[in-house]
Amino acid sequence: MKHSIEGFSKLTKAEKVDWITKNHFTHPEEAKTLLASYWNKNVELQKRHDEFIENTLTNFYLPLGVAPNFIINGKGYTLPLVIEESSVVAAAGNAAKFWSQRGGFTAKVLSTEKVGQIHFFYKGSVASLSAFVSTHTAQWLESVREITGKMESRGGGIQSLTLVDKTVDLPHYFQLHLTFSTVDAMGANFINSCLEHIAKSVERSVTNEPAILQAGGIEIVLCILSNYVPDCLVHAQVSCSVEDLGKHDQMEAIAFAEKMVQAVAIAKVEPYRAVTHNKGIMNGVDAIVIATGNDFRAIEAGVHAFASRSGHYTSLSEATINNGQFTMELTLPLAVGTVGGLTSLHPMVKWSLELLGNPNAEELMKIIAVAGLAQNFAALRSLVTSGIQKGHMKMHLLNILNQFGASEQQKESALYYFKTNTVSVQAVRLFLENYTA
Ligand code: MEV
């Protein structure tokens, strides 16, 4: 077995597959057949996938499910959800149906500001640096017009450029903190291109600035957008009278509403619970973020930083009862795009966007926040009533049956049997052992 190779990226796909399967698998032919079975027969489509990343050997599928019956600000939607976890799509569909009979979801974009920073070190006087930045800001912004022009014609561009003194946190550390509007694009490439271009202009300006040069100049360390976007916020909400919540699993409406409020109160003060509570929200968020070709790592990083903004990791959602009215709400930082990136390249992303009615970025922010809130409502509803396992294990039943290699006939009969019996791995094992056709 060889584990290292020179020039792997230069090999053809067939050569890469050969080398990998020969050197890493006990049964190379089987490993190769599996890879081939996941290639798309459509040569053009496979080429598109191959070119998304480097060293592509095949595709890695995730299921795409849909959750109909979402009403958001009075408009109907069917949500595309890409996720491997059973129950999430069913939970979304159930929550959508439940709230569609109670006025639906409302959602509002609160702000759309994106951020990028140029991080640098400087050892001289802050007053000289401040004067240098003020004198040159307009010129730096002008120097980047060739990049910002198109974005400006769409209503976006650079909104501000500010010098930030971070020397209290780290000696000699400063930033140029820039804010952007990127309209319907997520904007990562646009922001990073602007930052790198401005950084070069800054370096050029320093060469004519004796006060800065005497202090040793400016040492730019890096320029990059920030995935922390606490001013790119969307708010989603559901509300109805406590009475309208109805009975849940033998629990009266008021008891149910109070339990929901208590569940959120626990997630507000207890990080162990808050992380899982927020993970449930992200089940809905990530599933749409992936379906629409957005960057789920960026969203995850930004959302969890936002959940810690007070210095204490806490619940992203709120639940209240006020004057007999039950309300659940969620505010999320979401920097997403509906143009650029994968949106016009990945056929299933295009399909998902069309399913959503080709929303602009703000509408997509609302849809994603609603999906998060729906998941949170559904998860808490199960947790405070029957417990999560009842529904979860029912949905997981097919996975367990597949793990045991059950036949189609066994599956059919198991689905019937477990309608009225509790699902567990052990119970499924016993069912299959005792199965007679
Ligand atoms: C599981 O994927 C998500 C939950 O754990 C969320 C929660 O506990 O609120 C059910």
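What distance separates the centres of domain 1 and domain 3, taken over C-alpha atoms? The legends below begin with this point; the structure shown is a predicted model.

**Figure 1. Domains of the protein chain in the predicted model.** The centres of domain 1 and domain 3, taken over C-alpha atoms, are separated by 44 Å. Domain 1 covers residues 8–50 and domain 3 covers residues 114–226. Domain 2 is built from two stretches, 70–111 and 231–386, while domain 4 spans residues 391–433.

**Figure 2. The largest pocket.** This pocket has a volume of about 1400 Å³. Its lining consists of 45 residues, and those closest to the pocket centre are Phe52, Gly293, Leu342, His346 and Val349. Two or more lining residues come from each of helix H3 (43–52), helix H6 (145–153), helix H7 (188–206), helix H11 (271–291), H12 and helix H13 (347–355). Sorted by class, the lining of the largest pocket contains 25 nonpolar, 16 polar and four charged residues.

**Figure 3. The second largest pocket.** The space in this pocket amounts to about 720 Å³. Of the 32 residues that line the second largest pocket, Ala91, Ala378, Ala379, Ser382 and Ile388 lie nearest its centre. At least two lining residues are supplied by each of helix H4 (88–100), H11, helix H14 (361–384) and helix H15 (388–403). Helix H14 contributes the most, with eight residues. Domain 2 and domain 4 each provide at least three residues of this lining. By class, the lining of the second largest pocket comprises nine nonpolar, 17 polar and six charged residues.

**Figure 4. The cavity found in the structure.** A search of the whole structure identifies one cavity of 30 Å³ or more. The largest cavity holds about 60 Å³ of space. Which residues line the largest cavity? The lining is formed by Met186, Ser226, Asn227, Val229, Ala298, Ile299, Gly302, Val303, Pro333, Leu334 and Ala335.

Definitions and conventions. Residues are numbered from 1 along each chain as its sequence is written. This is a predicted model: local features need pLDDT of at least 70, side-chain atom pairs count only at pLDDT 80 or more; totals for chains, interfaces and linings use all residues. Side-chain values use heavy atoms; hydrogens and water are left out. On a 1 Å grid over the protein atoms alone, a cavity is a set of points where a 1.4 Å probe fits but cannot get out, and a pocket is an open set with protein on both sides within 12 Å along at least five of seven lines; lining residues have an atom within 4 Å of a point. Grid points are joined across faces, edges and corners, and a volume is the space filled by probe spheres set on the points. Domain bounds come from an automatic or database domain assignment. Helices (H or I, at least four residues) and strands (E, at least two) are DSSP runs, numbered from the N terminus. Ala, Val, Leu, Ile, Met, Phe, Trp, Tyr, Cys and Pro count as nonpolar, Asp, Glu, Lys and Arg as charged, and the others, Gly among them, as polar.
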